Structures are given as structure tokens and as C-alpha cells.
Amino acid sequence: MSTQNRDLWRILARSGAPGPTAPEPESTPSVEFTPYDPLVAYLQSARGVVEVDRLDLDSPALRSLKEAGVKLTIPLVAQGELIGMLNLGQRLSEQDYSVDDRTLLSSLATQAAPALRVAQLVRQQKDQARRSERLEQELRIARLIQQTLLPRELPKLPGWEVAAYYRPAREVGGDFYDFIHLEDGTLGVIVADVTDKGVPAALVMATTRSVLHAAAERLISPSQVLARVNNQLIPNMPENMFVTCLYSVLDPMKRTFRFANAGHGLAFRRGAEGVSELKATGMPLGLMPDMRYEENEVVILPGETILLQSDGLAEAHNSRREMFGFPRVKQLLSDHPSGPAVLIATLVAELERFTAGGWEHEDDVTLLAIECSALGGKAAESARLAAPEVPLPLQAEFNIPSRPGNERLAIQKVSEAVQDLGLSSSRLEKLKTAVGEATMNAMEHGNKYQDDLPVHIRLQASNEKLSVFISDHGGGQRIPGAATPDLEAKLDGLQSPRGWGLFLIQNMVDDLKVTSDETHHTVELMLHLEGGQHG
Amino acid sequence: MAEAQLEANVRLQAGMAIIDLRGDIDGFAEAALIAAYLQAETKEPTALALNFSQVDYINSTGIALIVSLLARARKDKRPVIAFGLSDHFAEIFEITRLSDFMRIVSDEAAARLGTAEEKSQ
């Protein structure tokens, strides 16, 4: 009998037909041959029993059968396909096989062929099910790795808006994006794509991300970062895999965008003069050592947008096999001059419309848009002054509607946000009073209790310092200083009994900064978390 | 956020009008505080005691209301005592110098004792 796979036939030849008392042979000779052997073509069309010794073919398989002592072979054919062979060696009695023997063997082969075919199909289906299950399991692992590596929140930069979109392909591709808050206050932005799919791509993605982070934290220049990452990836990069990557550094204060490109797709800049491509040449990562990467820098003016992307959008196909294409992306970017979130929503909607449901998520789609808010020169300068010199990690961020009494809501949310910072109850009470007073001032004086003008509260904390930024829409107003109230004058009716807010705030926190531009007014409340003046 | 409420109940103890405050002293407390003071006036007390032991929150507007109440009491020549303040609000009364114009004591017994001492002097 024989077993079959796609590339090899294995013949198990057993010498003779043992009777009830005959001893089992010690071993069963095995003969292997390819599906392209002339013997296969011969047996495919042969009918009935074939005497091996009488065959004259230039066939390695036939020689092997003869060497194994096979005298008769009966092809097992089902649906015109040779699916096996019934092989017999010399009879133990050393007599020739009789006509009856041959008739019996032919009849047996006719009945055995369909049964063998069914058995083969069952085994194929079981193998297929096992393969599918293993693939599904691999996809689950790949998705998990990918989800773990993508950033959980977008960076919050004063004067900038950032939006991102990621949709995995059906088979989970190798796209990833990330942000790195660098020590000098700049922001590293990564958009990358690993060739291949599934778990191998996800593992290379994880390695690339780690190496990129390490390099970005040590080197300033994007081209140097990519050069170092390239050399570090090469020794461990699997065969036929590489990574395309656009690494950039955004300086939110200077509004510069410095970038280098390791074979990644086009990035666009949309400004007053239209849409332009951000070009920089460089080989993908992990292919060849000691590569050099071109580095370029652009200044992003207020109102301008940068669009970074993987090739999943531009290379998507519709049912007519037409490609979405970079020109279409560029045109959409030009036609929809709105905020980054709207831009991305527009691109995704256009992709859906283009593919009209016929798209099977061929590849991951990653889109990342960064827009400089339309602040004027003075406003931008004020925003720069209002921002901390070195951004602290974000603790919480929320808006409070400007309604009387809502300072209690701000106090509650801030209390929740700082509960893990280890503030003493005395320090916490002081912070709550300061937050309540600053929020009241913002709602009353800044926003005039207009419901549609919320107070924006942002908390940033490190091990040493907590900053609470409370912003309203009262920019452009003169901010009075925190004078000490004259209580005697108030008790004598010579002054309003009010006017305690700023004085209280100043006495509740370690430091207080007030900044303002044409549109916004921000109070920063600061507490030292270790050895602060209030202990 | 729901508007906070202040309850202010007046009782007379040994000639001293005690205003028991319960809730928050903020912009919404003005009517309750004025009503309580007017009610206390009708009892012609020798002193006024503000019981803060059940007050959770005082903001700058609340401070201004207390300043107004204190100004009126001074005009009426009635000493004002405060008791039951948390450590945090006692510190705020010191920072704002309210404690220079009203005696801060720990509890009602201390408030009564102080009034008795003042009477005997």
C-alpha cells in the first residue's frame, strides 16, 4: 500500500502474502518516489494487475520496486487519480499468482480505492482543521502583541492637535506607530511597517520598537537614530524580512518637524500653499549594515498639518483591482482643510466608499495627523510660556462645564486623579481648596458662566512635582495680582467682603503661575511632592 | 454638579445663640446664613457661636459671607465664637485673619466656657 503527499510517494512493500501460519517479516521495505516519475503516469492509465518484472520504463520508482522484491502491483485509482498501490512480492509457495488470484486482487483494488480515498480526505480535513486552529491561535497572539505595543493615548501638546487611526489587516500586518516624549520637550514620532504578517511580524515589530525607543532617547538626529536602529536590527532580522520606518522629531515650541525615512511611504504636509511631500531617502531597516539616511526639517506654521501613513491606505484595492493610490490621498488632504480628527475620518470614509465593502483588509492601515493650532505669534509665545519647560507625564485631563457650583466637580476629579501620589491629607485639602478657587475664578471671570465655554483642567506629575493647569477662555484680560485682602476695611464696610480667591490659592500651593494670551488664561498650581515647603 | 445646601439652625444656650451649620458654605449659603443671623438677633443673645462641626466645604465666597456676618455682629457689638472647625479650615481662618476677630475654640463646651469667662470679667 502507499501513502501520498504533495511531493512524495512512499511505497511500503511487503514481501509475499503471509498465510495464517506464516511468520511476520522483520521489516517492510520502503520505496519513495516523486509524483513526476514515469511509473506514476503509467499506473494512472493501467487497468488491473501489473507485473512489475515485465515493465520496461526508465523509472527510478520501478527500479526501487524491483529491488524491494515487488512482483505485482495493482494501481488504486479514484476519480482518475492514482491514490495508492497494492504491492505484492513473491508468493511464499514460490508459485506464480493464478488467474483467480489476479481477479481477486483487481476486485479488491476496485473496492479499496474509494475507501482509501475517503480515508485520505478525512485525514486531509483533520490536518486542515489543525492548521486553521493553529493559524487562528497565531493571529490571536499577533493581535495581542500588536495591541500591547500601540500607544494607549495620544500626546497632549499645547498648541497642537494629534489624531491617529489604526486598523489591522485580516491576517494582522506589521504596522505600528508610537510617540516618545523626549527629555528636551520634543516629541519623537514613529510610523513603521514590518514586512510579513502574523506572529513573526509582531515579534519583529516589538524588537524594532524597543530598539527605536532606546536610540531615540540617546540620539537627537532622526537620521542617526535610524542608522543605529538599522545596525542593531540586522544581526537578528529573520530572512526576507525588513522594516520601513519614518522617524521624526516634533519640537512643539519651535514648531519644527525633523524627519528621516527608511523606505517608508510618503508623508504629506498641508499648508497655505497646498499639499507637498516630505521627502527623505533611505533604505529600509534590517537589510544592509551601515546605511546613511537623509534628514530634512520643515517648520509647521499655525494651521498646517502633517499626515503620516503606512501603505495600507494608498495600496488598498477595490473589487476592480484599482488602487486607492497616493495621488488620491494627496487630493483628499488638499480638499478637506479641517482638523486632524476630521481629516482622518474623511480618509477612512473615502477608503470604505472606494472599496465599497469589497476590501478584505489586505494590509494594516495606519494614519497619523498632526496639526499646529492656528495661534498667532503672541499667542504661540504665550502658549510656549504657559507650557512647562520639561513636560511632566500626564496624570489626567478633563473639561468642566462653566456652571455655578461645578468647582466641586473639579475638586472631586482632581482628588481622584492624585490619589496615588501619596499626598498627606493636609496637602490634599490645600490642593482641593486651590483647585476649587481657581476653577471658580475660571468659570466666573474667564468664562462668565457660559455653559458652552468649559474650564480645561490638566494634571501632570513626576516624582518631584505636581502641576495642575486650569485654563479658561478669558484671554486678553488684565490679571490682577494676589494682594492680601484688608480684612479691617471689609469688616468696616469700606471694601467688598469678597476678593479672597487668588489670595487663598497662593497660600495653598507651593507655587503659582498665571499666563494669558489672546484667547486663554491659565493658572498653574504647583505642589512639590518631596520636601515641598508645606511638607 | 447639584447645588450644595446649607442648613443653619439657631438655638439659645445660656444667653449665647448657637448657629448649627450643616453642609457647604459657598455662594448658595447666603440666604440661609442671613436668615439664621436674623433669627439669632430676635433672641437678643450676648454672643454668637458658629458651629462648623458639620461643615464639609468653605470656599472664598463662603469666607466673604462669614466676613459679612462678622461685620454685622461687630456693628451689633456681639462677640462671635467659632467652634468645630477642621484643621484645614482653622488654618484658613488664620491665613485670612478671621481668627483675629472671632475666637476659635475646639467645641461647644469651650465656647460656653469662654462666654462665661467673658461675662464674669
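This is a predicted model: local features need pLDDT of at least 70, side-chain atom pairs count only at pLDDT 80 or more; totals for chains, interfaces and linings use all residues.

**Entry 1: α11 and α13 in chain A**

I began with helix α11 (residues 425-446) of chain A and helix α13 (residues 501-508) of chain A, whose axes come within 9 Å and cross at roughly 150°. Residues are numbered from 1 along each chain as its sequence is written, while chains are lettered from A and ligands numbered from 1 in the order in which they are written.

The axes here are lines fitted to C-alpha atoms, for helices over the stretch in contact, and angles run from 0 to 180 degrees between N-to-C directions. Helices (H or I, at least four residues) and strands (E, at least two) are DSSP runs, numbered from the N terminus.

The angle I looked up means that α11(A) and α13(A) are roughly antiparallel to each other. For the record, angles under 35 degrees count as roughly parallel, over 145 as roughly antiparallel, 65 to 115 as roughly perpendicular and the rest as oblique. The crossing of α11(A) past α13(A) is left-handed; that label applies if the near helix is turned anticlockwise from the far one by less than a right angle, and right-handed applies if clockwise.

Which residues make the contact between α11(A) and α13(A)? I found A:Lys430, A:Leu431, A:Thr433, A:Ala434, A:Glu437, A:Ala438, A:Met440 and A:Asn441 on α11(A), against A:Gly501, A:Leu504, A:Ile505 and A:Met508 on α13(A). Contact means that the C-beta atoms of two residues, placed from the backbone, lie within 7 Å. Sorted by class, I get seven nonpolar, three polar and two charged residues for α11(A) with α13(A). In that sorting Ala, Val, Leu, Ile, Met, Phe, Trp, Tyr, Cys and Pro count as nonpolar, Asp, Glu, Lys and Arg as charged, and the others, Gly among them, as polar.

**Entry 2: where A touches B**

Next I checked the interface: 21 residues of chain A are in contact with 21 residues of chain B. On the chain A side, the elements giving two or more residues are α10 (407-417), α11, α12 (487-491) and α13. The largest share, five residues, comes from α11(A). By class, I read eight nonpolar, seven polar and six charged residues on the side of chain A that touches chain B.

**Entry 3: chain B and its α2**

I then went through chain B, which has four helices and five strands, running β-β-α-β-α-β-α-β-α from the N terminus on. Of its 121 residues, 43% are buried. Buried means 20 or more other C-beta atoms within 10 Å of a residue's own, exposed means 12 or fewer, and partly exposed is in between, with C-beta atoms placed from the backbone.

Helix α2 (residues 60-75) of chain B has 16 residues and reaches 22 Å from its first C-alpha to its last, close to the 22 Å expected at 1.5 Å a residue. The expected span is 1.5 Å times one less than the number of residues. I noted α2(B) as mostly covered, with twelve of its 16 residues buried; among them are B:Ile63, B:Ile66, B:Leu70 and B:Ala73. Just after α2(B), B:Lys77 takes a positive phi of about 55°.

Helix α1 (residues 30-42) of chain B packs with α2(B) at an angle of about 20°, the axes being 10 Å apart. That makes the two helices, α1(B) and α2(B), roughly parallel. The crossing of α1(B) past α2(B) is right-handed. I found B:Glu30, B:Leu33 and B:Tyr37 of α1(B) meeting B:Leu65, B:Leu69 and B:Arg72 of α2(B). That contact has four nonpolar, no polar and two charged residues.

**Entry 4: loop residues**

Is B:Glu44 buried or exposed? It is exposed, with 11 other C-beta atoms within 10 Å. B:Glu44 lies in the loop between α1 and β3 (47-58) of chain B, and has a positive phi of about 45° although it is not a glycine.
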